[in-house]
Amino acid sequence: MFLKTYLLPGIVLSALALGLLSCGSDPEPAGETLEVVQEPTEGIVTTVEEVSPDDWKITDETKVATPADSRLILHPIDGPSDTLTMAQLKMMETADSTRYSDSQRSAYRYGSSGLLWFMLFNRMGGHGLNRNAYANNQVYNNATATRNNLNNSARTTTRTRTGFGSKSGGAARSTSGSRSGGSTRSFGG
Amino acid sequence: MGSTLPNVRLVESPRLKPRWARKQGLDYYLTGENEEYFSDEILLLDKREADELVRAGDTAFQLLRATAKRSLNFAARRAELGIPDHALKLIEWSVENEWDHYLLGRWDFAGGIDGRSLKLIEFNADTASLLPETLVFQPEIVRKAGLSPLAGDVRADLLRRFQTLGGGRTDTARVVAHLGHPDDEANSEQLRALAEEAGWGRTDVIHLADLALNPDEGLFREVEIDRWIQYGTLVKFFPWDYALFEEPDLFDYLAELVMDRGLRVLNPAWTLLLQSKALLAHAWKDNPGHPLLLPTAMVPEDLPAPLAGYVRKPRFGRTGDNVAVILNGRDLVAEKGGHYGDQTMVYQQLATYNTDDEDYRYQLSTYQTDRATGVCCRRLNEWIMDDEAEFVPVAVR
């Protein structure tokens, strides 16, 4: 799965507070701390089944081409099966969620706790998969494997480099050393 | 060898207590191998001499910038400067878009005292050091000696420059990046303090190795697992030529980001032209006989009087490394080792310094932002001014 790396500016981070991001101890002011996240570029179709009243389990999660293609397919105990699109799913977190039935909202709560969460919030970090959300081990293990694939491929797409200058003087972070020598070169002129 | 300074030029300097320096976070400069770094004397300059030095800086800046623009247009000159073709795009972009964004450099001159002509030795165009000494130690030493500093406030001038340049994007922080040497870190800290006082907002001092550079996204530092701070302005305490020749990925990444306007880097990339000592050879060629310039050439036989003595310097050298002094066209009277021995060399006529009765040679310096400002001085009783030189506080006579 090809992933893009992008950044959320501080103001968006605060809007996404949702309990998803831990408040760091680093005292940078709001608006200046950015989080590098990995954005999924494929989607997920999640199927949930109501196994008992108001209790849903994820029975299948299948990758699809784009996040916009993501769906939640619900099989209620009573009533016809239903499919919610990505646009509809995103409304579930807003005041507009009242336009949806109890059944749909309940299915959303359980179904979005799996891989669909990453598509809904457009990021690959900040959420762990809960075994209890899944109907059985096989579905859960498949979900874990898919998530690992996403993370692995994301790492290989980045051009980030660190460590520039670490060979410029041996103990590059040493605080010892004189003006005229020592283990680290001075670059002052 | 030079005009000997009369004793009225030098007065005894008070010693600062290490405890005072520790309070400033600068005990590095008074302890260990640096115990003898500050000279035991203060140099007294006339106001006129200080003014002339600062004027010389301004003149030299105009002159070298004009030469740099001219040299950039000629492949042969670019080759002499040591500018590879792949750096050209960034440099040309920088000249086009950042010509007025210069932050800080420092001129080193011979002469300037008691009527001896000022002669430009070199321009520390990209990582000008001596900031803690000039901004913190010198004023305190002069005050303690009961003397008056030279007119003008170099710190205020630097602050004004930071204010004019501004802190850049407000959705990101700023960073001064260095490569770990304590002197570099201390200079970086002076820049940081100026930046914050100038209203730049949060400005960190960070070792370059701790920064993450992504040419598509920007410059970052990971402050916690998966939490990053982005920097929109990088003040480098490493020169552009270091990136170009020793960390080519760093150069390429910075180039992409700068030209995409994802990162502002100070000093701007065109500073690379002024870092090359070969530019002094071009400046001499374009301005033969200019009173501030020493004859300089790419080969000694192109000097007007090579037998009178010349200094051989690496094109992108620093701190006197790999410099050699040759007299009579063949007598190597001094030579230093270093990291730059493989570089193309540039040849500069031997300068005449003011000296004292112990044969110390006095090198006056002034800082350069968009204007020259401030005076500081180092001295050494050897041919080649290097890190063993003493810092000599300067006061008004």
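Helix H11 of chain B (residues 278–286) is largely enclosed by the rest of the structure, because 7 of its 9 residues are buried. The model is a predicted one.

**Surroundings of helix H11**

- The buried residues of H11(B) are Ala278(B), Leu279(B), Leu280(B), Ala281(B), His282(B), Ala283(B) and Trp284(B).
- These buried residues pack against elements of chain B that include helix H2 (47–72), helix H3 (75–81) and helix H10 (271–275).
- Strands S4 (119–124), S11 (296–297) and S15 (345–349) of chain B are also among their packing partners.

**Aromatic pairs**

- Over all chains, the count comes to 25 aromatic pairs.
- One of them is edge-to-face: Trp20(B) and Phe137(B) lie 5.7 Å centre to centre, with 70° between the planes.
- This pair links distant parts of the chain, with Trp20(B) in helix H1 and Phe137(B) in helix H5, 117 residues apart.
- Phe137(B) is buried, with a relative accessible area of 0%.
- The pair of Trp99(B) and Trp270(B) is tilted, because the ring planes stand at 45°; the ring centres are 4.6 Å apart.
- Trp99(B) and Trp270(B) are 171 residues apart and lie in loops, so described for Trp99(B) between helix H4 and strand S3, and for Trp270(B) between strand S10 and H10.
- Trp99(B) counts as buried at 15% relative accessibility, and Trp270(B) counts as buried at 0%.

**Aromatic cluster and charges over rings**

- One aromatic cluster includes Trp20(B), Tyr28(B), Tyr29(B), Tyr37(B), Phe38(B), Phe137(B) and Phe391(B).
- The charged end of Arg264(B) sits over the ring of Trp200(B), 5.2 Å from its centre.
- The charged end of Arg379(B) sits over the ring of Tyr360(B), 4.4 Å from its centre.

Conventions. Residues numbered from 1 in each chain as written. Chains lettered and ligands numbered in written order. Predicted model: local features only at pLDDT ≥ 70, side-chain atom pairs only at ≥ 80, totals over all residues. Heavy atoms only, no water. Buried < 20%, exposed > 50% of the residue type's maximum accessible area, 1.4 Å probe, protein only. Helix = DSSP H or I, 4+ residues; strand = E, 2+ residues; numbered from the N terminus. Contact = heavy atoms within 4.5 Å. Phe/Tyr/Trp six-rings, centres within 6.5 Å; stacked < 30°, edge-to-face > 60°. Lys NZ or Arg CZ within 6 Å of the ring centre and 35° of its normal.
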